[in-house]
Amino acid sequence: VPHSATSVGVLPHGRRKTIRVPTQTSRELGSLLGYLIGDGHISRVKHHFALTTGDIDQAQDFIRLVDVLFGLNHRLVKHDGRWRVFVYSETASDFLIDGLGLTHGPSAREKRIPDGILRSPEPVVRAFLRAYFDCDGYAGKQGVILSTMSDALAEQVQLLLLNYGILTRKRRQKD
């Protein structure tokens with residue numbers, strides 16, 4: 001699906017900057033959403049969305065996606081060995097929450113894959129899964145493990161993986 005965007009953000013009170021937002025799903029949007037659901041968060045209180053990662057390449061890819069999709073600036077900070085990418089835009093945060101269905105605030109147990117991703121073509125779903133597994137996945141002696149606190153998200157990922165012929169099982173972590 002080709003990338004397409006439109007400008008939005010001018011509200012009656014006129015205090016928001018006009019930004020570009022995607023009008024179609026794309027691999028870039030799938031990746032951004034995978035990162036946000038995995039290691040990101042959205043704060044309505046602080047008017048930002050952000051990614052926290054120990055991998056500078058992942059942080060730079062997130063920055064690239066924010067630029068391609070929204071044309072927004074970012075703030076990159078290293079703290080305690082982890083990179084944090086902050087993007088301050090109430091309009092973009094509203095789009096992610098109200099338009100795409102992402103959660104905000106402390107919401108790890110409520111996270112879900114957005115319907116737009118579930119209904120997207122295979123390349124978009126693949127980009128989402130790749131970014132999400134980069135955040136919450138682990139490959140080790142027991143195989144590939146994905147860790148999430150959200151039962152709904154675990155079930156959705158299982159169904160998506162089944163489309164690739166990948167059988168999975170869920171088990172509760174004790175710790």
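# Briefing: helix packing in a predicted model

The chain holds six helices and eight strands, where helices (H or I, at least four residues) and strands (E, at least two) are DSSP runs numbered from the N terminus. The model is predicted, so local features need pLDDT of at least 70 and side-chain atom pairs count only at pLDDT 80 or more, while totals for chains, interfaces and linings use all residues. Residues are numbered from 1 along each chain as its sequence is written, and side-chain values use heavy atoms, with hydrogens and water left out.

**The chain as a whole**

- Read along the sequence, the elements follow the pattern β-β-α-β-β-α-β-β-α-α-α-β-β-α.
- The chain has 175 residues, and 39% of them count as buried; buried means under 20% relative accessible area, exposed means over 50%, and partly exposed lies in between (1.4 Å probe, protein chains only).
- Among contacts between residues at least 6 apart in sequence, 61% join residues at least 24 apart; a contact means heavy atoms within 4.5 Å.

**Helix α1**

- The 13 residues of α1 should span 18 Å at 1.5 Å a residue, and the end C-alpha atoms of α1 are 18 Å apart, which agrees; the expected span is 1.5 Å times one less than the number of residues.
- Because 10 of its 13 residues are buried, α1 is largely enclosed by the rest of the structure.
- The buried residues of α1 are Leu29, Gly30, Ser31, Leu32, Leu33, Gly34, Tyr35, Leu36, Ile37 and Gly38.

**Helix α5**

- Helix α5 covers residues 122-136, and its 15 residues should span 21 Å at 1.5 Å a residue; its end C-alpha atoms are 21 Å apart, which agrees.
- Its buried residues are Val124, Val125, Ala127, Phe128, Leu129, Ala131, Tyr132, Cys135 and Asp136.
- These buried residues pack against the helices α1 (27-39), α2 (56-70), α4 (115-118) and α6 (151-162), and against the strands β7 (137-140) and β8 (143-146).
- Val125 lies in helix α5 and counts as buried, at 6% relative accessibility.
- Leaving aside neighbours within four places in sequence, Val125 is in contact with Ile117, Ser120, Leu160 and Tyr164.
- Val125 and Gly34 are 91 residues apart in sequence, and their C-alpha atoms are 9.4 Å apart in space.

- Two packed helices are described by the angle between their axes and the distance between the axes.
- Helices α1 and α5 pack at an angle of about 30°, with their axes 7 Å apart; axes are lines fitted to C-alpha atoms, for helices over the stretch in contact, and angles run from 0 to 180 degrees between N-to-C directions.
- That angle makes α1 roughly parallel to α5: angles under 35 degrees count as roughly parallel, over 145 as roughly antiparallel, 65 to 115 as roughly perpendicular and the rest as oblique.
- The crossing of α1 and α5 is right-handed; a crossing is right-handed if the near helix is turned clockwise from the far one by less than a right angle, and left-handed if anticlockwise.
- In the contact of α1 with α5, the residues divide into 10 nonpolar, four polar and four charged; Ala, Val, Leu, Ile, Met, Phe, Trp, Tyr, Cys and Pro count as nonpolar, Asp, Glu, Lys and Arg as charged, and the others, Gly among them, as polar.
- The axes of α5 and α6 come within 12 Å and cross at roughly 130°.
- That angle makes α5 oblique to α6, and the crossing of α5 and α6 is left-handed.
- Val125, Leu129, Tyr132 and Phe133 in α5 meet Leu153, Val157, Leu160 and Leu161 in α6.
- By class, the contact of α5 with α6 has eight nonpolar, no polar and no charged residues.

- Ser93 is found in helix α3 (residues 90-99) and, at 3% relative accessibility, counts as buried.
- Leaving aside neighbours within four places in sequence, Ser93 is in contact with Ile42, His47, His48 and Phe49.
- His47 sits in the loop between β3 (40-43) and β4 (48-53) and counts as partly exposed, at 35% relative accessibility.
- The phi of His47 is near 60°, a positive value in a residue other than glycine.
- Asp80 lies in the loop between β5 (75-79) and β6 (82-88) and counts as exposed, at 70% relative accessibility.
- Although Asp80 is not a glycine, it has a positive phi of about 50°.
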